[in-house]
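We'll hop from one spot to the next, and at each stop I'll say what to look for.

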Amino acid sequence: MRAGLRVSVALLASVSMIGLGAAQERDAAAIKQELKTVVDDKAKLTQEIVDSIFSFAEVAHHEKESLAYLTGLLEAEGFTIETGIRGMPTAWVATWSNGTGKPAISFNSDVDGLPGLSQKPGVLDFEPLVEGGNGHGEGHNTGIAVSIIGALAVKDMMERENIDGTLQIWPGIAEEALAAKMWFVEAGVLDDMDVVLSNHVGNGLSTSWGLQNSMAMVSVEYSFEGVTAHGATGPWLGRSALDAVELMNAGWNFRREHLHPNQRSHYVISNGGLQPNIVPGNAAVWYYFRNTDANLVNEMLEIADGIAEGATMMTGTTFSRRILGSAWPSHGNQILAETQYANIVDVGMPKWSEDDQAYAKAVQEAVGAAVIGLRTEIGQLSGPVEQVGAGASDDIGQVMWSLPTVRLSYPANIAGTRTHSWEAALAVATPIAHKGALAGAKVTALTAMDLLLNPELIDQANAYFTDVQTKDIQYFPFEGPEDSPSIHLNKENDARNRPQQEAFYYDPSQHETYLEQLGVTYPMLAK
């Protein structure tokens, strides 16, 4: 790491502004101190956003209520709203500017839920609100509150102090399908931005920089076309697309024995035909290909294309492929992370109540996790991994390789609960989530204010991005001109579940919290 690019946490914590006098430095400190109070004053709105998005429980590309609620809130605050980004009905961008409009800071967080994970919050057992319905089994309902509250607090101070800059807010729709952020990038949403402040739910308060243990990935569907025929009276007249799918899967399973063990690949048959006595004229298989860098994923795609072609030759069918989503490995900006970490040190963990700790321990006991309660110490500033290993993927990677980006982990959930399960939904509409999101918003607001008051930090972040992160690796999209946003995903799911889920939407005009609306007494300490 070049010494000239490093910014010490101690330096950032002092909020010194190069070339400015002592009085102006004190002004910056005073502004940030007041900013913390402004965030605290938005605690009620934080709770309402967290609870509302939880109650909508919307899945990838169907975040309709979230769109209406959040854009309505931001429009009322003076933001300009653009919707339908790159043809995605639930994609939106909110923008507000003051003075020269520079620096320009983008705020992002995910907002979508997961299929089949409907869950009542604040309890201790699996208890779906809608049987088979959708829910927030990761806690994405909390992150957009972090971004919005942080940005609104900064806007308030910019207006009071006449600070120049632009604030942009946009949601990570369809993150659970890794199917949207690349299209925000491709549509030019970030072209006029200087940096991105992103966040993700966790059970601690921390951040990181450099390459992280997040795999590159492509989500791709192979569709085969054959000829239908009667399965009994004339099967020789047909050409089975399902046969081609099965042969492709068999070929891939043999071939992956000879791929490096760092790769991960998994599939489901997304279309297996209509019924057994009709030779399937159409069939499809949906693959996830993961590897430690984007070029290796491309190699996996090329191998899969060859296997698909072989399957068509054996069955007399044809095939096409469509990329449904993708991800690059995550890489946080060092300068932004060090700036953010200084504010993590300043803010510290939320002050948990006895009830919060008691509920957390009850949840941990109920799910068979270590009974440690809620964390009370901030996490470390983590640096880069030496080598990306097997793990999950996130489409924030495309953003991180397009613009200097940092991602905050904030404490809105309980350690020991399994993500992508009902367990992870238990706490994310309780006081634990409300306090954790508010702490995250405070760190986010303070970090944004550092960048507005000291644009040299942005210059240094750009230097790291250009001279270190992208010196030898340049971003390229997996998607080609024939690909488009996969807005068809979850269409049947949404149509089936939304009418039942609407009965459980949170009404803050009638109820103080979502738990109150559901009749859940907090903390619940026994099943």
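Predicted model: local features only at pLDDT ≥ 70, side-chain atom pairs only at ≥ 80, totals over all residues.

Residues are numbered from 1 along each chain as its sequence is written, and side-chain values use heavy atoms, with hydrogens and water left out.

**Stop one: strand 2**

Select residues 92-98, which make up strand 2; strands (E, at least two residues) and helices (H or I, at least four) are DSSP runs, numbered from the N terminus. Five of its seven residues are buried, so strand 2 is largely enclosed by the rest of the structure. Buried here means under 20% relative accessible area, exposed over 50%, and partly exposed in between, with a 1.4 Å probe and protein chains only.

Strand 1 (residues 80-83) runs antiparallel to strand 2 and is joined to it by four bridges; strands count as paired if DSSP finds at least two bridges between them. Pick T83 and you'll find W92 as its bridge partner in strand 2. Strand 4 (residues 165-172) also pairs with strand 2 in the antiparallel sense, over five bridges. There, N98 stands opposite G165 of strand 4.

**Stop two: M193**

Jump to M193, in the loop between helix 6 (181-186) and strand 5 (195-202). Buried or exposed? At 9% relative accessibility, M193 counts as buried. Leaving out residues up to four places away in sequence, M193 touches A104, I105, S106, T166, Q168 and L403, where contact means heavy atoms within 4.5 Å.

**Stop three: Q119**

Next, select Q119, in the loop between strand 3 (104-110) and helix 5 (140-161). Q119 is buried, at 3% relative accessible area. Its side chain reaches the backbone nitrogen of E127 at 3.0 Å. Show the surroundings too: beyond four places in sequence, Q119 touches residues including F54, F126, W422 and L426.

**Stop four: helix 13**

Finish with residues 456-469, helix 13. Its 14 residues reach 18 Å from first C-alpha to last, close to the 20 Å expected at 1.5 Å a residue (that is, 1.5 Å times one less than the number of residues). Colour L457, I458, A461, Y464, F465 and Q469, which are buried. They cover an arc of only 115° around the axis, which puts them on the same side of helix 13; the arc is taken from the directions from the helix axis to the C-beta atoms.

Notes:
Polar contact = N/O pair within 3.5 Å; in protein donor to acceptor, adjacent residues only side chain to side chain.
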